[in-house]
Amino acid sequence: MRPADLYGRLISAEPRLNIADLEIGHEFGEYSVGLSSEESERYGAAVGRACGPDASEWVPPMAVVAAGLSRLIDELGLAGGTIHASQGARFLRPVATGEELTATAVLRGNSVRRGARFATLDSTFRDASGEVVATSSSTVIVNP
Amino acid sequence: MTGSGSEPGSAGVCVGDRLPIIRRLVTQEQVEAYARSAKDFNPIHLDEEFASTSRFGRRIAHGMLVLAFVSEMLETAFPGAYASGGELSVRFKAPVYPGETIETFGQVVSMEHGVEGDGVRCTVGCRKSDGSEALTGHATAPMVVERVTRLSR
């Protein structure tokens with residue numbers, strides 16, 4: 001497992017994984033995912049958020065999923081040009097800014113179709129008590 | 001919500017009600033701000049030279065940026081409830097290029113009754129100004145009577 005700082009940035013220099021070598025069922029993490037008040041506000045500003053709870057206090061739900069997906073893509077070292085095919089998410093409770101979540105992920109799909117690799121990554125986000133606060137499922141097309 | 005659907009459910013939401021529209025001009029500056037905030041520096045979003053060699057021929061917005069607008073629509077329609085039991089599932093159908101204006105759409109398609117409580121099921125998506133769909137899917141939100149926003153009917 002690679003260590004990460006409070007907000008999930010990977011800090012080891014271990015080689016990245018090669019998705020072509022990974023089998024379905026491969027487990028990623030645990031790694032830390034959480035957004036500080038400043039990071040949450042920055043996300044809210046970037047997406048032009050005009051409503052919803054104050055992003056300085058509550059993390060926009062999709063920001064949690066985006067943060068987790070970025071960590072996974074970084075860990076996998078996916079090639080530039082990787083794009084998103086589909087995305088699912090379930091939110092079980094709001095996440096406060098500064099709250100530290102632990103994410104784990106499983107490779108649910110990994111196949112090549114018409115020259116492009118489709119990878120499906122299911123993530124689970126838990127709070128400090130181990131309670132699941134959100135889940136997500138992301139399918140990306142690698143180097144289409 | 002705007003609607004012309006069936007008899008209202010317990011929270012006053014009807015099948016056929018439309019969710020509030022979020023309309024946004026997506027700019028390259030916004031894409032770059034999103035890349036920094038989400039730490040997603042894929043060159044297909046940021047590097048014009050790289051993107052010109054892709055099948056899209058130019059830079060595209062992050063799918064998760066476009067999806068954030070749909071998520072905001074659901075937060076607006078179902079304040080509190082969406083973040084406390086809501087679900088969302090979408091497919092990305094077409095890229096959004098910086099400079100394009102897009103708008104979200106959503107409509108209540110059914111009221112669901114489950115062991116965990118009642119819920120509202122909606123179709124959702126995001127449409128470009130030429131009418132093409134950038135993403136489509138569906139979402140559910142638990143029925144929390146006092147928290148469902150009713151914009152208009």
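Modeller: Happy to; let's start with the cavities, four of them with 30 Å³ or more. The model is a predicted one, where local features need pLDDT of at least 70, side-chain atom pairs count only at pLDDT 80 or more, and totals for chains, interfaces and linings use all residues. Residues are numbered from 1 along each chain as its sequence is written, chains are lettered from A and ligands numbered from 1 in the order in which they are written, and side-chain values use heavy atoms, with hydrogens and water left out.

Colleague: What makes something a cavity?

Modeller: On a 1 Å grid over the protein atoms alone, a cavity is a set of points where a 1.4 Å probe fits but cannot get out; a pocket is an open set with protein on both sides within 12 Å along at least five of seven lines, and lining residues have an atom within 4 Å of a point. The largest cavity holds about 60 Å³, where volume means the space filled by probe spheres set on the points, joined across faces, edges and corners.

Colleague: Which residues line the largest cavity?

Modeller: From chain A there are A:G34, A:L35, A:E39, A:Y43, A:A63, A:A66, A:A67 and A:R71, and from chain B there are B:S37, B:A38 and B:K39. Two or more lining residues come from each of α1 and α2 of chain A and α1 of chain B, and α2(A) has the largest share, with four. Helices here are DSSP runs of H or I with at least four residues, strands are runs of E with at least two, and both are numbered from the N terminus.

Colleague: How is that lining divided by class?

Modeller: Six residues are nonpolar, two polar and three charged. Nonpolar covers Ala, Val, Leu, Ile, Met, Phe, Trp, Tyr, Cys and Pro; charged covers Asp, Glu, Lys and Arg; the others, Gly among them, are polar.

Colleague: And what volume does the largest pocket have?

Modeller: About 900 Å³. Of its 44 lining residues, A:T82, A:I83, A:H84, A:V140 and B:H45 are the closest to the centre. Here α2(A) gives the most again, five residues. The classes come out as 22 nonpolar, 12 polar and 10 charged.

Colleague: Why is A:R114 called exposed?

Modeller: Exposed means over 50% relative accessible area, buried under 20%, and partly exposed in between, with a 1.4 Å probe and protein chains only. A:R114 has 89%, so exposed it is. You'll find A:R114 in the loop between β5 (101-113) and β6 (116-126) of chain A.

Colleague: Where is B:K39, and why does it count as partly exposed?

Modeller: B:K39 sits in the loop between α1 (28-38) and α2 (43-46) of chain B. Its relative accessibility is 24%, which falls in the in-between range, so partly exposed is the label.

Colleague: Why are B:C14 and B:C126 called buried?

Modeller: B:C14 has 1% relative accessibility, so it goes in the buried class. B:C126 has 0%, so it is buried too.

Colleague: Which residues does A:G25 contact, leaving aside neighbours within four places in sequence?

Modeller: A:V106 and A:L107, where contact means heavy atoms within 4.5 Å. A:G25 and A:V106 are 81 residues apart in sequence, yet their C-alpha atoms are 5.7 Å apart. A:G25 has a relative accessible area of 37%, so it is partly exposed.

Colleague: And chain A as a whole, what is it built from?

Modeller: Two helices and seven strands, in the order β-α-β-α-β-β-β-β-β. Of its 144 residues, 53% count as buried.
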